[in-house]
Amino acid sequence: MINVPKGTKDMLPAESYKWQKVEATAHKIAKLYNAKQIRTPVFESAELYLRSVGESSDIVSKEMYVFEDKGGRRMALRPEGTAGVVRSYIENNLGETLPLKTYYIESIYRYEQPQAGRYREHFQFGTEYFGSPLPEFDVEVISMAHDFLREMGFENLAVKINSIGCPTCRKEYNKALREFLAKNADRLCGDCKRRAETNPLRALDCKVPSCQEIHKTAPKISDYLCDDCKAHHASVMHGLEKIGIKYENDDKLVRGLDYYTRTVFEFNDGGLALMGGGRYDSLCEELGGKPTPCVGFGCGIERLLAAADARGISFKKDSPDVFVAAQCDAVRGECTRIVKELRRAGISAETDLMGKSLKAQFKYADRQGYKYVITLGENELNSGVYGMKRMSDGQTNEIHGSDVAKDVGRILWQK
Ligand code: HAM
């Protein structure tokens, strides 16, 4: 017996309506914002992630699935969605008309220790906006995330936001943080000591509890922001207030990816981040494109569904319309013709393919949630008039074999 790989899950047919609800909502909200879908490969050159997410991040240094292809190239399964979209933006010259608003629904791979809400394969609905340095850009991306979560049934979620500054103010902050880490070096883990040298901000992501205690007293980036970054952050908060989005200014929020500048944000529920994102004004240039200010977010679909379950948010299951039951083998051909006509008319329909008894066909139709069942025997075949039973209350209507789709449609859509 071969099992599903550790840290991955099958999406089973009985659960698919939940995923379809998430995806339909993502498409709907993105359309309201005039964002266009983008799809990039599931693997890219590993270097793309080293240069964007950052060599010292956990995602790249510990969790990335890296492999050599048969041509000897170092490739990686995407450990996040932003870098691939930015690569595509540059390669396909997508910046001719700005702003460009993109979104994606895709699988992400991280070699993590599997636990609730943490998988080795997960799916994200994400957006990447290209082109504007204005705070309204940040506000619109946060607004899209907020509308998506609200449409999924999450009322009143507050967004946690922070500013992690620009390369200018980061320099001063890094100096202060490095001094702090050096002072506490004898109580810090090896990773923190290493990061103090290479990328001090990443030390703050450390998951070792004793390091986390020490980091609580570390200098805060908010005390080092330059005037422009401070003004930008204030305008983002003001913009959120203007459209009624609750926020919590959290000066410890730094996020675990290196490409962010200025705004970072997260929506949390039950202690886990459902969604995270931020501004990344230098990434396009660092990957060889023209300087282009950008903002985006990524929302974990598994976490979203688990949080919806925990809050008792349920999604509507669509019931199929008509099951056509065969009383004997002689009518099977006519049953097939009827379902073909109904499907052509946009009515979901099914007939027995298993040779079940009439009783078993009714049981199946009931279990599948069919709204109506048409039963065909030899008498019905000869008269051309069939009975269609409403499953909820047993009420029966006459259907004419010669005009089956029209008759069924009239009954189905009369309300
Ligand atoms: P991230 O915070 O690493 O950001 O991931 C985004 C979301 O994906 C998280 O908030 C969480 O819901 C979900 N997630 C992350 N890791 C896992 C996992 N192992 N298992 C299940 N769900 C997970 C990014 O990936 C950025 N690319 C977001 C972004 C887009 N920033 C700007 N644009």
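**Chatting through a predicted model**

Colleague: Hi! What is the relative accessible area of L204?

Modeller: The value is 21%, so L204 counts as partly exposed. With a 1.4 Å probe and protein chains only, buried means under 20% relative accessible area, exposed means over 50%, and partly exposed is in between. This is a predicted model, where local features need pLDDT of at least 70, side-chain atom pairs count only at pLDDT 80 or more, and totals for chains, interfaces and linings use all residues. Residues are numbered from 1 along each chain as its sequence is written, and side-chain values use heavy atoms, leaving out hydrogens and water.

Colleague: Got it. Where is L204 found?

Modeller: Look in the loop between α8 (200-203) and α9 (209-215). Helices here are DSSP runs of H or I with at least four residues, strands are runs of E with at least two, and both are numbered from the N terminus.

Colleague: And which residues is L204 in contact with?

Modeller: Setting aside neighbours within four places in sequence, L204 contacts Y173, L177, H215, A218 and V254. Contact means heavy atoms within 4.5 Å. V373, by comparison, is 62 Å from L204, C-alpha to C-alpha, and 169 residues apart in sequence.

Colleague: Now S52: buried or exposed?

Modeller: S52 is at 3% relative accessibility, so S52 counts as buried. You'll find S52 in helix α2 (residues 46-54). Not counting residues up to four places away in sequence, S52 touches A83, D258, Y259, L283 and L287.

Colleague: New topic! At what angle do the axes of α1 and α12 cross?

Modeller: Helix α1 (residues 16-32) and helix α12 (residues 301-310) have axes that cross at roughly 115 degrees and come within 11 Å. The axes are lines fitted to C-alpha atoms over the stretch in contact, with angles from 0 to 180 degrees between N-to-C directions. The two helices are therefore roughly perpendicular, a label for 65 to 115 degrees.

Colleague: Which residues make that contact?

Modeller: From α1 come K18, W19 and V22, and from α12 come I301, E302, L304, L305 and D309.

Colleague: Last one: how many strands are in the open sheet?

Modeller: Eight, in the order β1-β5-β6-β11-β10-β9-β7-β8, with mixed pairing. Strands pair if DSSP finds at least two bridges between them. At the edges, β1 (36-37) and β8 (247-249) each pair on one side only. Strands β9 (residues 263-269) and β10 (residues 272-279) run antiparallel, joined by six bridges. In that pair, V264 stands opposite G278 in β10.

Key. Parallel < 35°, antiparallel > 145°, perpendicular 65-115°, else oblique.
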